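The sequence and structure are shown first.

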Amino acid sequence: MPFRQVGSLRIYQFESLIHPDLDQAIFTRRGGVSPDPWRSLNVGGTVGDERDRVKENRHRAFTAVGRDPATIYDVWQVHSAHVVVADAPRTEKSLIQADVLITDNPQVTLFMRFADCVPILLFDPKRPAVGLVHAGWLGTVRGAAGAAVQAMVELYGTHAKDLLVGIGPSIGPDHYPVGPEVVEQVHKAFGPSADRHLHVRNGQVHFNMWTANRDLMEERGVLSIEVAELCTVCHPEDWYSHRGEHGTTGRFGALIALSE
Ligand SMILES: [Zn+2]
């Protein structure tokens with residue numbers, strides 16, 4: 001089972017990424033200190049929750065998987081395909097705008113926040129090196145997942161076929177009707193294969209970000225991609241959903257790091 005209980009926390013881990021050299025987790029919303037509407041393990045600092053509670057929640061998350069909170073590298077997530085190479089833990093106070101993080105330093109913990117967008121974890125056990133991606137519809141059509149693979153290939157000499165990738169919980173195709181502007185962008189980005197990711201249900205076009213992001217990485221030679229296939233709207237007991245909770249909610253955390 002990909003779910004694991006660690007103290008009060010319920011954690012999701014990709015089975016194909018379980019490896020002695022890797023720390024990885026996607027944290028459900030369970031086991032934190034925040035009250036409604038952020039109940040309870042909210043790690044988002046810009047959603048109205050109190051700073052001290054967010055800090056305690058992040059501390060619980062990191063320590064549950066044996067990571068020091070001081071090793072964090074996080075960014076201001078802006079739906080881009082911009083890559084940051086995190087050579088060391090973040091020291092600057094202001095966050096860089098980016099949606100792809102990579103590192104080969106075991107003293108760095110890559111960390112991002114989610115509520116419907118797609119978390120993507122990448123691990124090259126040979127090099128070794130890791131990557132983390134935040135991809136909503138815009139990040140998907142901008143090719144953030146492909147940019148992560150490309151950056152690891154260029155910077156670390158990763159062979160795409162060695163990568164172990166996990167696509168985590170996010171808004172599923174069942175709950176993701178999109179407007180014509182999104183449909184147009186998907187067609188622009190994916191060309192003739194766009195229709196594989198767009199399906200009409202009850203007269204509305206739905207976008208499948210799981211298959212779209214899988215395609216972006218497979219076309220760069222990635223062979224091992226595990227998809228959680230968990231919809232954040234369908235499972236409010238475990239996940240925050242921006243759309244499902246009408247914008248008033250928290251953020252769940254995703255983390256990946258090489259074991260120290
Ligand atoms: Zn759903």
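The buried residues of helix H1 are covered by elements that include strand S1 (3-6), strand S2 (9-12), strand S3 (22-27), strand S7 (109-114) and strand S14 (252-258). Helices (H or I, at least four residues) and strands (E, at least two) are DSSP runs, numbered from the N terminus. The model is predicted: local features need pLDDT of at least 70, side-chain atom pairs count only at pLDDT 80 or more, and totals for chains, interfaces and linings use all residues. Residues are numbered from 1 along each chain as its sequence is written.

The residues of H1 that are buried (20 or more other C-beta atoms within 10 Å of their own, with C-beta atoms placed from the backbone) are Val 54, Asn 57, Arg 58, Arg 60, Ala 61, Phe 62 and Ala 64. H1 (residues 51-64) has 14 residues and reaches 20 Å from its first C-alpha to its last, close to the 20 Å expected at 1.5 Å a residue; the expected span is 1.5 Å times one less than the number of residues. Gly 66, with a positive phi near 75°, follows H1.

Strand S7, which is among the elements covering H1, is itself mostly covered, with six of its six residues buried. Thr 109, Phe 111 and Arg 113 point one way from S7, while Leu 110, Met 112 and Phe 114 point the other way. In a regular strand the side chains alternate between the two faces of the sheet. Two strands count as paired if DSSP finds at least two bridges between them.

| Partner of S7 | Bridges and sense | Opposite residues |
|---|---|---|
| S4 (residues 72-73) | two, parallel | Ile 72 and Thr 109 |
| S14 | five, antiparallel | Gly 253 and Arg 113 |

**The six-stranded sheet**

An open sheet of six strands has the order S5-S6-S9-S8-S10-S13, with mixed pairing. Strand S5 (83-85) and strand S13 (224-227) stand at the edges with a single partner strand each, so one side of each lacks a neighbour in the sheet. Neighbouring strands are turned by 15° against each other on average, direction ignored. S5 and strand S6 (residues 100-103) run parallel and are joined by three bridges, with Val 85 opposite Ile 102 in S6.

Two helices lie across this group of strands. Helix H3 (residues 144-156) lies across S5, S6, strand S8 (118-124) and strand S9 (129-135), at about 160° to S9. Helix H5 (residues 209-218) lies across S8, S9, strand S10 (164-167) and S13, at about 170° to S13. Axes are lines fitted to C-alpha atoms, for helices over the stretch in contact, and angles run from 0 to 180 degrees between N-to-C directions.

Leaving aside neighbours within four places in sequence, Ala 148 is in contact (C-beta atoms, placed from the backbone, within 7 Å) with Val 83, Val 100, Ile 102, Ile 120, Leu 122, Gly 131 and Val 133.

The protein chain has five helices and 14 strands, and buried residues make up 48% of its 260 residues.

Key: Buried ≥ 20, exposed ≤ 12 C-beta atoms within 10 Å, placed from the backbone.
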